[in-house]
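Hi,

Here is the structure I promised to pass on. Please open it first, then read my notes below.

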Amino acid sequence: MDDEYVLQMQHITKNYGSNQVLYDVSISVKPGEIHALMGENGAGKSTLMNILFGMSMIHSTGGYEGTVLINGEEVKIMSPQQAMEAGIGMVHQEFMLIPGFTVTENIKIGREITTPTIASLVFGKDLEKLDRKKMAQDARQALNTIGMDIDENTRLGTLPVGYMQFVEIAREIDKTGVKLLVFDEPTAVLTESEAERLLEVMRMISSKGIAIIFITHRLREVMDTADSMTVLRDGECVARRTISETNEIEIAELMVGRKIEKLVDDSVKTYDLAGSRVAVSIKDLVVDMPSERVRNVSLDILEGEIFGIGGLAGQGKVGIVNGLMGMYPALGEITVMGECLELDKLGDAIHKGFAFVSEDRRGVGLLLDESIENNIVFNAINIKKEYLSNFGITKLINTRAIRRHAQEMIRILDIRCTGPQQKTGSLSGGNQQKVCLAGALTLNPRVLMVSEPTRGIDIGAKKLILEYLVKLREKEKTTIIIISSELAELRSICDRIAIVSDGRISEILKPDASDADFGLAMSNLRVGGDQK
Amino acid sequence: MNIMKKGLQSFGLPRIIIICFFLLLFVLAGVYQMDVQTLLGDVLRRWAMYGILVLAMVPSIQCGIGPNFGLTIGISGGLVGALVSIELRDLGFYVSFDSNPRLSMLVGILVAIILALLISSIMGIFYGLLINRVKGSEMTVSTYVGFSIVAFMNMMWLLLPFKSSTSIWPLGGTGLRNTISLDENFSRVFNNILGFYIGRTYVPTGMIIVFLLTCLCVWLFTRSRSGVIMQAAGANPAYAKAAGINVDKMRIIGTTISTALGGMGIVCYAQSYGFLQLYNAPLMMGFHCVAAALIGGASIGKARILHVILGTFLFQGMIAVALPVANQILPESSLSEVFRIIISNGIILYALSKAKEEIR
């Protein structure tokens, strides 16, 4: 019988323009079941949940194909309101709560209990009086259900962050007729003990017959809590497993998967690292970058090495380079070719031979309103005082030299543009990335750090950039640190790959290590299961 | 066809409308048989005398604080500089130049300008420090700071120990006058250098040269390393930070240059006008300068010297012609003042509404 499932999503396919993000995905959840939904970033988990909640971006981009059944009945959810009425609730990763309101008010918001007043008789329901007593009772009950003993009248802003999650859960439970709760990476912002507590609460909720979809990257949590799981990869359903019949290694393998595309020919990689000295030594690096916190990282990177840093989003891999560049407050002992780096001195890294291509191309990487040539030479003017000609009392920029250099770079990196004076804001993503790279190369760096160099760019540009990086190392002996969410890319050009999880290095792997090793490292687990 | 369309688009609809309006005013002046040649001379005079004040918008916009609505800070500094120069003449500092009255006046204004630049720069540094504390609402804050400084200076004009009989209230009062004549100091000294008539149109060559030279200096600065860095810090603070630039420092530099130009600007303005106006006279000057720069094609985030030269010409030219024309059409009305308010505030409003699109 179909209605043994509370939710079934069958053969869901979704395109954003020509970009297929989901293809023939099916998941089903029984009442009281905890179903884990796993996959790398960009695997399609959020899109699937957006469809379930009828978010407007789904419908404004042409809707989806496939069917959604709730209790065996087909429904077409067009708005989050409708999803709520159908008994689906969501616990968000970023809290959707109002700090200035009390716990009760937060729990009952939008569903306040009211009593009629004179004004409301005349002007309608909007002017009815709040029945605070009843609301508090309801809130208390919801809090009791999940075993929280906080005072329902406290202002939310005064609670520790870990408690807010529980308030959010209480709000969802308080909704009448809730049948299914979605937890979107609920443990990402919690401490270990809070996470433990949350998992307990999830089990408690499910024991009351409410189904749960649990989105997480943490394998251990899945093994501990979930009953069954679905793995998505590149928008496709890879596998559905019952937890009792699988193990961590299998899940890790399923998540990573071998991608066949080889981005760079092995023949170009001939560099021999034997006998190289340490170029960059990082000791106890801590970086306070919001949502990419680095807790403690120590690394030694050799001269002329292409060193990859991988890991899931939000785990801190991007934080490492941003911390080195002084973009966010950082602590630690860094030496470059024996020179000590002062992290609290703005621009020290760039003066000591680092160059950085930011992951945030449009926000940090470029002056969008300026020409390609100005973007390329800016750092050279700023740091190395090049491209200036001396006029006695003052030095002015040398337009001709700049033009020549820009044209050279446009040719080498095959930047598709109308000329060196085109504004970078009007270039395509791939060409913008090449301009960023050209700017970094103009500094002749000793260490080149490229963060997410191929994010959102086409395959041709991707290949060119990666190949160029390999060639650069062969020719100039430049040490290259490359941060990427795409494992395939790291594995095709790096000498070693560090996988970052929870702000720490969980493992440093050779590019030919097995999929399972990568998967386990990403989920912060080692074979044998000793959690770091 | 397409090229023309693009050219028109980059030139901007508001500029086209205003140029048409400007031309219409001249036609009307002709229709009413007014002295068009003298009007043209007025346009040139006002263009040159306001130019440097409007130029002050360039460094402030380029360093990222937006148009300098608090230009009155620089203006106040400049007024103090001019007053000190007058005081020095009374104390006999320029006696050795007395043999050549022209030279003596020239020395007077140069001293005034140097003092104005100094005093305004110091005020500009403090102003910059303040602006750095209110990132995101610079325009609002600078507007109020601009108003406040005028009120503050209103008290100062009464309290500062100036003694010169040209400056203080006649008949033994204390405090400075509302309007101080510069006849004995540096009235029109720049205007008259190489000045000449074409028909009845007077060309204030000296003032125009001073204005364009100042433009050249600012342009050279934008082409220097510091200028390039400052512009980057203004255009994209995150980018600048990644390049190891102290964004706050760059903003202070831009604000200071802007304020200093405001000080120099008011001295040049006063010499052309022939009077030093204190108390509430500078109150709305900042707004007019912002409006002029915006009419010229500058925006909240981007400004070039060309915008200043063109914008000042259009805005001040229009006002110079509108006043007599309006008086002809409707005698004894304040129509021209209404025009000025509509145009200056209208263009500021237009630019602010455009600012959102730019961010997108």
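Does α3(B) pass α14(B) in a right-handed or a left-handed crossing? The crossing is right-handed. Keep in mind that this is a predicted model.

Now the details of that helix pair. Two packed helices are described by the angle between their axes and the distance between the axes. In chain B, helix α3 covers residues 36-55 and helix α14 covers residues 305-329. Their axes come within 8 Å and cross at roughly 135°. That angle makes α3(B) oblique to α14(B).

Which residues make the contact? On α3(B), they include Leu39(B), Val43(B), Trp47(B) and Tyr50(B). Asp42(B) and Arg46(B) also take part from α3(B). On α14(B), look for Val308(B), Phe313(B), Ala320(B) and Pro324(B), among others. The residues of this contact divide into 11 nonpolar, five polar and two charged.

Next, the two chains. Chain B gives 18 residues to the contact, and chain A gives 27 residues. On the side of chain B that touches chain A, two or more residues come from each of α10 (225-235) and α11 (237-242) of chain B. Of the elements there, α10(B) gives the most, with five residues. This side of chain B divides into 10 nonpolar, four polar and four charged residues.

Last, the domains of chain A. Domain 1 is 1-87 + 179-246, and domain 2 is 96-176. Domain 3 is 262-353 + 447-454 + 470-532, and domain 4 is 363-444. The centres of domain 1 and domain 3 of chain A are 33 Å apart, taken over C-alpha atoms.

Best wishes

How values were computed: Residues are numbered from 1 along each chain as its sequence is written. Chains are lettered from A and ligands numbered from 1 in the order in which they are written. This is a predicted model: local features need pLDDT of at least 70, side-chain atom pairs count only at pLDDT 80 or more; totals for chains, interfaces and linings use all residues. Domain bounds come from an automatic or database domain assignment. Axes are lines fitted to C-alpha atoms, for helices over the stretch in contact, and angles run from 0 to 180 degrees between N-to-C directions. Helices (H or I, at least four residues) and strands (E, at least two) are DSSP runs, numbered from the N terminus. Angles under 35 degrees count as roughly parallel, over 145 as roughly antiparallel, 65 to 115 as roughly perpendicular and the rest as oblique. A crossing is left-handed if the near helix is turned anticlockwise from the far one by less than a right angle, and right-handed if clockwise. Two residues are in contact if their C-beta atoms, placed from the backbone, lie within 7 Å. Ala, Val, Leu, Ile, Met, Phe, Trp, Tyr, Cys and Pro count as nonpolar, Asp, Glu, Lys and Arg as charged, and the others, Gly among them, as polar.
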